[in-house]
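Dear colleague,

I am passing on a structure that will be new to you, and I would be glad if you could look it over alongside these notes.

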Amino acid sequence: MGLKAVHFGGGNIGRGFVAEKLHQSGFEVVFVDVVDKLIEQLQSVPKYTVTEIGGEGEKVNTITNYRAINSKTHEAEAIKEISTADMVTCAVGPNILKFIAPVIAKAIDARTDSTPLAVVACENMIGATDKLAEFIKDPKNTPEDRVSSINDRARFANSAIDRIVPGQDPDAGLNVKIESFYEWVVDKTPFAPHGPPKVDAIKWVDDLVPYIERKLFTVNTGHAAAAYYGHARGKHTIAAALDDKEIHDIVRECLAETSHLIVNKHGITVQEQKDYVEKIIKRISNPHLEDVVERVGRAPLRKLGRQERFVGPAHHLAEQGDKYTALLGAMEQAFNFVDVEGDEESFDLGKMLKSMDATSIVSKVCGLEKSDKMFGEVQAIVERVQKK
């Protein structure tokens, strides 16, 4: 039998990144989703294209050899496919992991293959696979007497993914436009002694943390800062925001602060990090990747979280006595990202700002404690936003 991967989430990242790379490594891809229209499209269209956009132009790849299952209506079928797969991946968003866990758990428990299933969550979240594994091992999903032997049937590996997917043409159908640059780094240590799955696009490493934090605190910090400042100043796209010298300089200052942390924490050289920052600025400034600021800025509650792109590095810097002023400024713009059409979290944030005191908001949204050095500064930010 050939290689088979089951992928949860038929969205742009799922089709345009994960499935593309699995397809190129010879995997049959089985998409699992609960969106009726999307599953129907995947079931009725035998191929779609992924157009990679870079400085050197465009390259079009055709994706075939896939199937699709609606787990809402055909759960048993999805369980059977996962139980006989080589790999299961997901790109559904951190908040959806708990909903896909029961199906994966049942499939793992039914698995009989001697090689454990490789489970890799491809989310913009530190420790996403660990979180998915936690839900899978919950007694509600896996019997307690089966948890101790679950490693015989599945191995869970965290990953770091990096690829920009801009807004898509409204009539694109299943076709995806995506930047040509990508990075997919996965922890290889859980796979001993069998070895990890053979996916050409994956860089297998022994220590994932430096890759995750470098990506999150550079790509995501810079991208989100440009989005929130761009939104505040009426810019339509990230490229337009970064074309504004003042915003451009602010984003660079944010990345100077996070670079200081990355270099000192992970032993990455100053020059290597500087080169990485320049590459990232060039990528997110690409006018051919027309990325709307509201799309990049969506989900502000998650992005203001304790382990996320602003609070995460700022907290480290604050505790070390280092500068984090630019990151505080970006946080203030994120707190101002309220009542944005199409983004439920921005409306939830707006309601919180109207109904809760600043201290409670800082604790609930940012996960900070009053003993944290930056708590008072973030509280002052929230109070300023509330006065508006």
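Please bear in mind throughout that the model is predicted.

To begin with the helix pair, helix H7, which covers residues 209–232, packs against helix H14, residues 325–335, at an angle of about 55 degrees, and their axes are 9 Å apart. At that angle H7 and H14 are oblique to each other, and their crossing is left-handed. On the H7 side the contact is made by Thr221, Ala225, Tyr228, Tyr229 and Ala232, which meet Leu327, Gly329, Ala330, Gln333 and Ala334 in H14. Of the residues in this contact, 7 are nonpolar and 3 are polar, while none is charged.

Turning to the nonpolar cores, the largest has 62 residues, and those with the most contacts inside it are Phe310, Met331, Phe335, Met374 and Val378. H7 supplies the largest share of this core, with 9 residues. Apart from its neighbours within four places in sequence, valine 378 is in contact with Leu328, Met331, Phe335, Val362, Cys366 and Leu368. There is also a second, separate core of 33 residues, which includes Val18, Leu42, Ala157 and Ala201.

Finally, valine 219 also lies in helix H7; its relative accessible area is 4%, under the 20% cut-off, and therefore it is buried. Its contacts, leaving aside neighbours within four places in sequence, are Asp162, Arg214, Tyr276, Ile280 and Arg283. Valine 219 and tyrosine 276 are 57 residues apart along the chain, with their C-alpha atoms separated by 9.4 Å.

With best wishes

Notes: Residues numbered from 1 in each chain as written. Predicted model: local features only at pLDDT ≥ 70, side-chain atom pairs only at ≥ 80, totals over all residues. Heavy atoms only, no water. Axes fitted to C-alpha atoms, helices over the stretch in contact; angles between N-to-C directions. Helix = DSSP H or I, 4+ residues; strand = E, 2+ residues; numbered from the N terminus. Parallel < 35°, antiparallel > 145°, perpendicular 65-115°, else oblique. Left-handed = near helix turned anticlockwise from the far one by under 90°. Contact = heavy atoms within 4.5 Å. Nonpolar A, V, L, I, M, F, W, Y, C, P; charged D, E, K, R; others polar. Core = buried A, V, L, I, M, F, W, Y, C linked by side-chain atoms within 4.5 Å. Buried < 20%, exposed > 50% of the residue type's maximum accessible area, 1.4 Å probe, protein only.
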